[in-house]
Structures are given as structure tokens and as C-alpha cells.
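Thanks for coming, everyone. I have one structure to walk through today. Please have a look at it first.

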Amino acid sequence: MKKMPIFFYRTLIDNACFSYLCRLDEEKHSLVPSSELWKNQYISGRLGSDYRGCCSAKKSYWGSWNGSSPVCFWKWLRQSHLPRNHEQDQVVYTGTHDNDTILGWWEKIWRRKRSVMHGVRLPRNPWSDGPEYVTQCPIQPGSSFIYTVTFTDEEGTLWWHAHSDYSRATVHGAIVIYPRRGTSYPFPKPSGEVILILGEWWKRDVSAVLETARETGADPTPSDAFTINGQPGDLYPCSKPGTFRMLVEPGKTYLLRMVNAAMEDALFVSIAGHLLTLVGSDASYTKPLTSDYILISPGETMDFLLTANQSPRNLYYMAARALSYEPVNNFDTTTTTAIVQYKSQYTSWSTNPLLPSLPFYNDTEAASKFAFSIRSLASTNWPINVPKRFDQRMVITVSVNEFECPPGSCQGPNGTRLASSLNNMSFVNPSIDILEAYYKGINGAFDTNFPSRPLYYFNFTAEYQPFALLKSRLATEVRILEYGTTVEMVFQGTSLVTAENHPMHLHGQSFYVVGWGFGNFNEEKDPLGYNLEDPPLKNTFGVPTNGWLAVRFTAYNPGVWFLHCHLERHLISGMDTVFIVKNGVDPGEKLLPPPPHMPPC
Ligand SMILES: [Cu+2]
């Protein structure tokens with residue numbers, strides 16, 4: 001059995017860790033402490049001071065870890081690294097443990113055509129899903145947990161990330177799922193492929209960013225930079241030597257596998273002089289969609305084709321910046337860049353790299369135009385199965401809320417404490433995980449009355465809202481679904497406190513995005529305009545600002561599945577709930593038993 005190292009799952013606790021950088025060493029199968037890395041020139045210092053360094057471009061790419069240090073992530077799950085003809089067709093990713101450096105770490109089992117986390121459907125196996133207090137308790141420092149992950153019909157790009165507070169900011173990576181043996185892409189085989197991970201960077205320790213937000217009741221401090229493969233890029237002098245460069249050969253076409261791992265912002269992305277053609281998203285193929293810019297929400301993955309058809313004499317920036325409706329002081333207005341560089345005889349360029357034009361931060365029209373042009377491929381070889389009818393419709397308001405505080409004690413809007421909610425319920429983590437409580441029949445961890453309708457009907461998207469509506473109810477309410485139930489969920493954005501675009505993410509199954517609109521959902525008229533022919537199959541999709549989004553799925557995956565906004569400030573303040581999908585009748589329709597050692601609470 002081939003062993004390979006893989007990165008940590010649980011965020012690290014000890015401050016000493018911030019000064020360490022680790023590289024996954026392909027040959028030694030061990031983690032190398034930063035002192036070694038300095039010697040090997042693999043290191044960089046902290047952003048803003050001596051930020052520099054490089055990953056060996058072929059073996060790794062930049063990610064970041066604990067907010068203050070960039071890390072070389074090893075490209076994993078690449079086809080060349082997969083075991084061939086192994087008896088059990090299985091590989092264990094593992095590594096050694098350096099006590100000085102590593103307080104908690106992560107292992108995982110990967111099965112061919114099967115594997116991890118964000119967007120992976122994990123049939124009957126929520127035990128390996130990950131969100132804290134939903135399907136497991138956090139992995140404690142010094143301990144480990146093996147995730148068994150199973151791929152079924154996913155094909156394309158997904159990702160994995162920590163699901164505990166702000167640790168996701170830095171503990172994440174891409175998952176690449178290639179076509180099954182003997183099959184190919186629904187497009188000409190690309191000449192090469194590039195993983196592009198969009199991230200978000202704070203100069204502070206990200207745990208402290210979250211802690212401050214919890215103490216003050218305000219939103220977390222906006223980030224200091226966005227990153228492409230771990231680098232803020234040329235607009236930051238400290239990052240310039242390490243700006244991610246994508247080398248292309250004239251005339252060739254490349255597959256770009258993009259993940260938005262940013263914490264709080266959907267991002268517009270564009271490449272100067274080039275068009276991007278979307279061919280897949282959330283590990284499901286799409287009809288080719290060509291555009292000079294794209295929008296990608298936190299949690300989403302997108303696969304693009306890029307043809308290198310411009311002059312090799314120039315350098316071209318890939319640039320990304322936020323979609324936001326907030327005042328400019330309230331969000332990160334910076335632009336991150338990478339460089340597209342042609343392989344040619346030219347070694348110097350007369351001009352600076354060309355910058356693309358990006359939609360303005362609050363360009364709702366541009367955001368919707370791209371997002372709602374996405375269609376499933378829906379061909380003979382890649383059919384889809386959209387539910388034409390449903391058993392139950394849920395209408396779920398998606399809101400930001402406020403709680404009053406004693407004078408002077410909170411720093412949210414008007415001295416309040418911010419919260420957020422689904423159907424006016426602000427989800428509160430229980431003290432033991434819901435999956436364990438459900439499986440063992442332990443009472444008291446959660447209630448089962450998550451409402452299928454808003455508690456109050458009002459003009460959800462009006463410019464001004466009554467003060468009385470701002471407060472939500474703190475609760476741990478889940479929704480029970482019978483096995484095989486077809487659900488239509490309509491997310492209704494509201495203008496309470498602030499209207500925003502909320503990327504809603506469902507664990508355990510993907511959903512078809514069948515409809516959307518601005519304003520209030522009209523239950524009589526709006527369903528008449530649904531797309532039931534080729535809607536995109538997604539696990540994350542943005543509810544348009546001051547609008548609504550209709551999705552459908554069939555609950556064929558027994559287990560406990562988190563539903564949440566993928567903006568972290570909303571995830572941690574209550575914009576979540578849980579679906580419990582009950583067992584079916586046949587043995588193959590029942591929840592699997594837990595692995596022997598779940599992390600204790
Ligand atoms: Cu949100």
C-alpha cells in the first residue's frame with residue numbers, strides 16, 4: 001500500500017505553530033519543520049515583513065496555514081500519484097508526526113472513484129463529513145481521525161477544508177476527480193491543467209479575528225488580501241517575487257480548476273485578453289459558457305478552459321476582487337493577481353502585465369448574469385435527473401439579525417450584536433454532535449421543529465424594515481426528512497440589517513438550481529418560469545441579493561447533513577440548519593455504523 005502525507009485537519013492551537021511552516025515532503029513522507037525548509041529555500045516569512053519564497057512549482061502550490069504563514073501544499077489526488085492495479089484499489093494518506101510542529105493532524109483513506117468533504121456526497125456515511133457539532137466533535141490537538149470518503153458520480157473539482165470556526169481560512173486543499181478509466185472529458189483533452197485556489201488573508205492570526213468578532217458582536221475584521229495559490233500578487237510589493245505564474249504554450253488549451261476558499265467574499269475573476277469557458281462546477285459538467293469574467297462564491301468550485309491565443313510578447317494578469325454591497329470600509333477592497341506567461345523566446349517584456357477589467361464590487365447585474373447562465377451539460381452521456389415534481393416545498397428566509405446589548409457593550413450596528421438566521425432561527429451548536437445524538441437516541445441535543453415556512457411574512461426585500469423584525473430566535477432546530485422525499489427549497493433573501501448575496505451550501509447531496517429572481521418569491525407565478533430541462537447541479541449557490549433562489553433535491557442519502565451559508569461570518573452566527581434524512585427500507589438505504597473511534601466531545 002502506497003503511503004502519502006496529507007495535511008492537518010484541526011487548526012493548531014499553540015502559538016509556536018505560527019512560526020512554523022511545513023512542507024509535505026514527497027520523498028520522505030514526512031513533515032518538514034520550518035528550520036529545514038529555510039535551508040531548502042522552500043520557505044517564506046510572514047506577509048508584510050519578509051514575505052518571500054517559492055514552492056517547487058511542479059510538486060506543490062501555495063496555500064496558507066493559520067493565517068500568518070504561507071505553506072506549500074502538495075498537489076495530491078493527481079492521477080499520476082494514484083495507485084494502479086492495487087489489490088483493494090485503495091491508498092492511505094498518512095505521514096509522520098513531529099511533536100514540535102504538529103498538534104493535530106489528519107489522515108484519510110481514499111478509494112478509487114470515491115473520496116472527501118466539501119461537495120462529496122458520502123453515501124450513507126455522514127461520519128466522514130466533518131462539520132463540528134453536526135457530524136463529529138472537533139479533532140483535539142495530538143489526536144487523529146481517519147476519514148473514509150467515497151466518490152460516486154462526482155467528476156471534476158471539489159475541495160476539502162476544516163469545518164471548525166476560522167480554521168478553514170488556512171486548512172484546505174483541492175480534490176481532483178478524473179474521468180473514470182476508459183472514459184474522457186466531454187470536451188477535447190486539455191494540454192495541461194492548473195489548480196487555482198482563491199484564498200483570503202489576514203495579517204493577524206485568524207483565530208484572533210474570530211475571537212474579536214465574538215467578543216464585540218461586530219462582523220469579523222475584513223481581510224488584508226485575497227490570494228491566488230497563496231500569493232496576494234504583484235499589487236503587494238512583498239508578494240511580488242512569489243506571484244503565482246501560469247506558464248502556457250501558444251495555441252494550447254488548459255483546464256483551470258478553481259476553488260474559492262475565501263472566507264467571506266464571492267470573487268469576480270478575469271484574465272486580461274483571454275476568455276474563460278466554464279465546463280464544470282461542483283464536480284458536475286456544464287454546457288460550455290464563455291465569458292470575459294466569472295463570479296465564484298466561497299465554497300464553489302469551477303472548471304474552465306483557457307486557450308492561450310494571445311501574443312506571447314505580453315504578460316497577462318489574472319485578477320480577482322470581491323463582490324460586495326457593503327460600504328467600502330466594511331470589506332476587503334483589494335485585488336489579488338497572478339500572471340499568465342507564454343512560453344516563448346521572450347525573456348523580457350517591454351510593458352507591465354496587462355490588467356483585466358473586473359466588474360465593480362456591487363455590480364449585481366454582472367454577478368447574476370454569469371451565475372444564472374450556468375446550465376448542466378445534460379447530454380446523452382452525462383444525463384441529469386431533475387425532479388419534475390416535489391413532495392414538499394420549504395420557503396426559507398435568509399437574514400442577518402441584531403440583538404440588543406447593554407449600552408456600550410457591543411460593536412455591531414447601532415451598538416447591537418450581529419446574528420444571522422434561516423427562517424428566523426439562529427442555529428446554535430449543541431454540546432455533542434447531532435449525528436451521534438441521533439444515532440444513539442440521546443435526547444436534548446437538538447429539536448426537530450425547523451420551520452418549513454418563514455415565521456412572519458412581510459415585504460422581505462423592502463428598503464426599510466420594522467425594528468421588531470431584526471431579532472432572531474436562538475435554537476438548535478433540525479428538519480427530519482423521510483428517505484426519498486423530494487424537496488423544493490426556496491431561499492428568500494431579506495433586507496433585514498443588510499441585504500447580501502448568500503452562498504448556500506448543502507452537505508450530503510447536490511441540488512438542482514431551478515429558479516431565481518429578485519424581490520419576493522411568488523409561489524403562484526415564479527415556479528412557471530423554472531428551468532427543469534438543464535439546471536446546474538450544485539452543492540453551493542448564491543442567493544441573489546434581495547432576491548430568491550429555488551433548488552430541488554431528493555433525499556436519497558440517509559444521515560445528518562448540514563445546510564449553511566458559506567460566508568463564515570454567517571455560518572458562525574446562525575445561518576444554518578441540519579437535515580436528518582431517515583433510513584430507507586433496504587439495507588443499502590440505511591445509515592452506516594460509526595467508525596470505531598469518533599473524536600470525543
Ligand atoms: Cu450568508
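First, the ground rules. This is a predicted model, where local features need pLDDT of at least 70, side-chain atom pairs count only at pLDDT 80 or more, and totals for chains, interfaces and linings use all residues. Residues are numbered from 1 along each chain as its sequence is written, and side-chain values use heavy atoms, with hydrogens and water left out.

Now the copper ion. Its protein donors are His502 (ND1), Cys565 (SG) and His570 (ND1), lying 2.1 Å from it. Donors here are N, O and S atoms within 2.8 Å of the metal (3.2 Å for Na, K and Ca); water is not among the atoms, so sites may look incomplete. Along the chain the spacing reads H-x62-C-x4-H. Cys565 and His570 are both buried. Buried means under 20% relative accessible area, exposed over 50%, and partly exposed in between, with a 1.4 Å probe and protein chains only.

On to the sheet. Strands are DSSP runs of E, at least two residues, and helices are runs of H or I, at least four, numbered from the N terminus. Two strands pair if DSSP finds at least two bridges between them. Here 5 strands form an open sheet with mixed pairing, in the order β26-β34-β33-β28-β31. At the edges sit β26 (478-481) and β31 (540-543), each pairing on one side only. Neighbours are turned by 20° against each other on average, direction ignored. Axes for that are lines fitted to C-alpha atoms, for helices over the stretch in contact, and angles run from 0 to 180 degrees between N-to-C directions.

Look at β33 (559-565) and β34 (576-581). They pair antiparallel over 6 bridges. Trp561 has Phe579 in β34 as its bridge partner.

Next, two loop residues. Which sense of phi does Tyr133 have, positive or negative? Positive, about 65°, although Tyr133 is not a glycine. Tyr133 lies in the loop between β7 (105-111) and β8 (144-149). Its relative accessible area is 23%, so Tyr133 is partly exposed.

Asp165 also has a positive phi, near 50°, and is not a glycine. Asp165 is in the loop between β9 (156-161) and β10 (172-177). Asp165 counts as partly exposed, at 27% relative accessibility. The flanking strands β9 and β10 run antiparallel, joined by 6 bridges. In β10, Gly173 is the bridge partner of Trp160. And 6 of the 6 residues of β10 are buried, so β10 is largely enclosed by the rest of the structure.

On a 1 Å grid over the protein atoms alone, a cavity is a set of points where a 1.4 Å probe fits but cannot get out; a pocket is an open set with protein on both sides within 12 Å along at least five of seven lines; lining residues have an atom within 4 Å of a point. Points are joined across faces, edges and corners, and a volume is the space filled by probe spheres set on them.

The second largest pocket holds about 860 Å³. Its lining has 34 residues, and those closest to the centre are Arg121, Asp153, Asn385, Tyr512 and Leu537. β32 gives the most to that lining, with 3 residues.

How many cavities of 30 Å³ or more turn up? The search finds 9.
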